[in-house]
Amino acid sequence: MTDPVWRSTPFDSLDDDKLKEECGVFGVVGVSEAANFTALGLHALQHRGQEAGGIVVHHPEHGFNSVRRFGYVRDNFTSQDVMDMLPGHVAIGHVRYSTSGSKGATAIRDVQPFFGEFAMGGAAIAHNGNITNADSLRRELIERGSIFQSSSDSECIIHLMARSLQRNIPERMKDALRRVEGAFSVVAMTRTKLIGVRDPLGVRPLVLGRVPTSDGDGWALASETCALDIIGAEFIREVEPGEMVVISEKDGVVSHRPFEAKRPRFCIFEHVYFSRPDSIQGGRSVYSTREAIGRELAKEAPVDADLVCPVPDSGTPAAIGYGLESGIPYAMGIIRNQYMGRTFIEPTESIRNMGVRLKLNVNRALVKGKRIILVDDSVVRGTTSRKIKEMILDAGAAEVHFRIASPPTAWPCFYGVDTPQREKLLAATMSEEEMRDHLGVDSLRFISLDGLYRAVGEAKGRDNAAPQYCDACFSGEYPVEPSDQLDRGFRLKAAE
């Protein structure tokens, strides 16, 4: 049964008009109170998944234990009573949005990490990404006798491991992941080992850190470096695309290469929106990249105006970059209410119509009579953009110009991002000019795909023959064929 805190709320429309990374993963080995470290790491990754979270630990005397809950990390994993249930020196954790499985009706059995007991001992896994052949794998496994407990695609990995004939958990995991298509960054654990794996394209992120302890070094794996920072860990390096690291107190970090080498295709939208701005991705500061995106946008789409204002918080670094490049003053024209919980009032129709205003409020004294450039990270359905525009005009702004720090989002993501169906994406059915008319703004411009590539460090822009990133949500070019979606009738972009 789902927790009532996750019922519809009057500001769901704002959340639903953003693309959502479906989860964050974290693991640690070789530290006392591993669950506490994991809770801190998950707290730093809360932006990657706010629906539910879980932690699994192992203790030599008490065995494996787990706690899975709906809601925020701070509300579930700060209680001493809960943390006392999770003793051990090795732990993994997961925070999630639902991109695969029962969206909007998640059961506690869908919450990761998932656990399996094998002949050589137990193992737990936490998965960031999406398996694009999960339907066919699930049918095959059920026909061969597997009994699934959840609706999550990630559970396929546990069942594939169970059917492997290999003699240890890491080798069974290699067998399982060689059958999987799509995107995966996996953090797993046995009784003594922490394991991290990235898919051959490295679509989703995974980083390795060293945790100083009083009697040696512990090790941590995380979706982002900000989760290492919170526990005082030293960022060592990224787990490379197609790499498996097996980590233990005895042997340290041992690297394996279980997959055929491929040209990496990291998700470019991690740089635009998903990652926290204080993280490092691909050797680059996410904040600096977003500021560079704003500078590129100012070069590509200048406009006469009085103020550059971000749509908080995701548009802030790009707005700063736009202001610096254009010379137009940067200002906080919209203020975000940082203290809004997910439920505080019964969502009657009149309250529901307030929607965006519960989270965002216009700084009227600042914008009145001004020509405003609003910088946001993306336009998905367009519903929030229209409401924000109306708020700015109601506050007396003379003009509203939207500048978007990503190209038009015209295609759904099948690699771990909660994306609406294609027909619900504004850019899938409208040109840029038609979107401008639909939103009712004085001008609307998106950064070009080449401009985005330049901002992330590719001086010559996008290599159309061999793209350096996964940009399928913008280009419609999917680096891994979404076989399940094709079986359901999804049509790929026609060859040009």
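Author: Let us begin with accessibility. A residue is called buried under 20% relative accessible area, exposed over 50%, and partly exposed in between. The model before us is a predicted one.

Reader: How does Glu-234 count on that scale: buried, partly exposed or exposed?

Author: Glu-234 has a relative accessibility of 45% and therefore counts as partly exposed.

Reader: With which residue does Glu-234 form a salt bridge?

Author: The general idea comes first. Side chains of opposite charge can pair when their charged atoms come close. In this structure, Glu-234 forms a salt bridge with Arg-210, with an N to O distance of 3.1 Å.

Reader: How many salt bridges does a search of the whole structure find?

Author: The search finds 27 salt bridges. One of them joins Asp-135 to Arg-488, whose closest N and O atoms are 2.4 Å apart. Asp-135 is part of helix α5 (residues 134-143) and Arg-488 is in the segment after α19 (483-487), so this pair connects parts 353 residues apart in sequence. Asp-135 is partly exposed at 26% relative accessibility, whereas Arg-488 is exposed at 54%.

Reader: Are Arg-204 and Glu-270 buried or exposed?

Author: Arg-204 is buried, at 0% relative accessibility, and Glu-270 is buried with a relative accessible area of 0%. Their side chains meet in a salt bridge, at 3.3 Å from N to O. This pair links distant parts of the chain, 66 residues apart: Arg-204 is in the loop between β9 (193-198) and β10 (207-213), and Glu-270 is in helix α9 (residues 269-274).

Reader: Let us turn to helices. At what angle do the axes of α10 and α11 cross?

Author: An α-helix has 3.6 residues a turn, so residues three or four places apart point the same way. In this case, the axes of helix α10 (residues 286-300) and helix α11 (residues 316-326) cross at roughly 45 degrees and come within 6 Å. The two helices are therefore oblique to each other, and the crossing is right-handed. Residues making the contact include Tyr-287, Arg-290, Gly-294 and Leu-297 of α10, and Pro-317, Ile-320, Gly-321 and Leu-324 of α11. By class, this contact of α10 with α11 comprises eight nonpolar, three polar and five charged residues.

Reader: Which residues in α11 are buried, and what covers them?

Author: The buried residues in α11 are Thr-316, Pro-317, Ala-318, Ala-319, Gly-321, Tyr-322 and Gly-323. Their cover includes α10, together with β18 (307-310), β21 (371-376) and β22 (399-404). After α11 comes Gly-327, which has a positive phi near 80 degrees.

Reader: How does α6 pack against α5, and how does α6 pack against α7?

Author: For α5 and α6, the angle is about 45 degrees and the axes are 10 Å apart. That makes α5 oblique to α6, and their crossing is left-handed. Ala-134, Leu-137, Arg-138 and Leu-141 in α5 meet Cys-156, His-159, Leu-160 and Arg-163 in α6. The residues of this contact divide into five nonpolar, one polar and two charged.

Helix α6 (residues 155-163) and helix α7 (residues 169-178) pack at about 115 degrees, with axes 8 Å apart. Here α6 passes α7 in a right-handed crossing. The contact is made by Ile-157, Leu-160, Met-161 and Ala-162 of α6 with Ile-169, Arg-172, Met-173, Ala-176 and Leu-177 of α7. Its classes are eight nonpolar, no polar and one charged.

Reader: Finally, where is the place of Gly-461, and which residues does Gly-461 touch?

Author: Gly-461 is in the loop between α17 (449-455) and β25 (469-470). At 4% relative accessibility, Gly-461 counts as buried. Leaving aside residues up to four places away in sequence, Gly-461 touches Asp-450, Tyr-453, Arg-454 and Gln-468. The C-alpha atoms of Gly-461 and Asp-450 are separated by 4.4 Å, although these residues are eleven residues apart along the chain.

Note on methods. Residues are numbered from 1 along each chain as its sequence is written. This is a predicted model: local features need pLDDT of at least 70, side-chain atom pairs count only at pLDDT 80 or more; totals for chains, interfaces and linings use all residues. Side-chain values use heavy atoms; hydrogens and water are left out. Axes are lines fitted to C-alpha atoms, for helices over the stretch in contact, and angles run from 0 to 180 degrees between N-to-C directions. Helices (H or I, at least four residues) and strands (E, at least two) are DSSP runs, numbered from the N terminus. Angles under 35 degrees count as roughly parallel, over 145 as roughly antiparallel, 65 to 115 as roughly perpendicular and the rest as oblique. A crossing is left-handed if the near helix is turned anticlockwise from the far one by less than a right angle, and right-handed if clockwise. Contact means heavy atoms within 4.5 Å. Ala, Val, Leu, Ile, Met, Phe, Trp, Tyr, Cys and Pro count as nonpolar, Asp, Glu, Lys and Arg as charged, and the others, Gly among them, as polar. A salt bridge is a side-chain nitrogen of Lys or Arg within 4 Å of a carboxyl oxygen of Asp or Glu. Buried means under 20% relative accessible area, exposed over 50%, partly exposed in between (1.4 Å probe, protein chains only).
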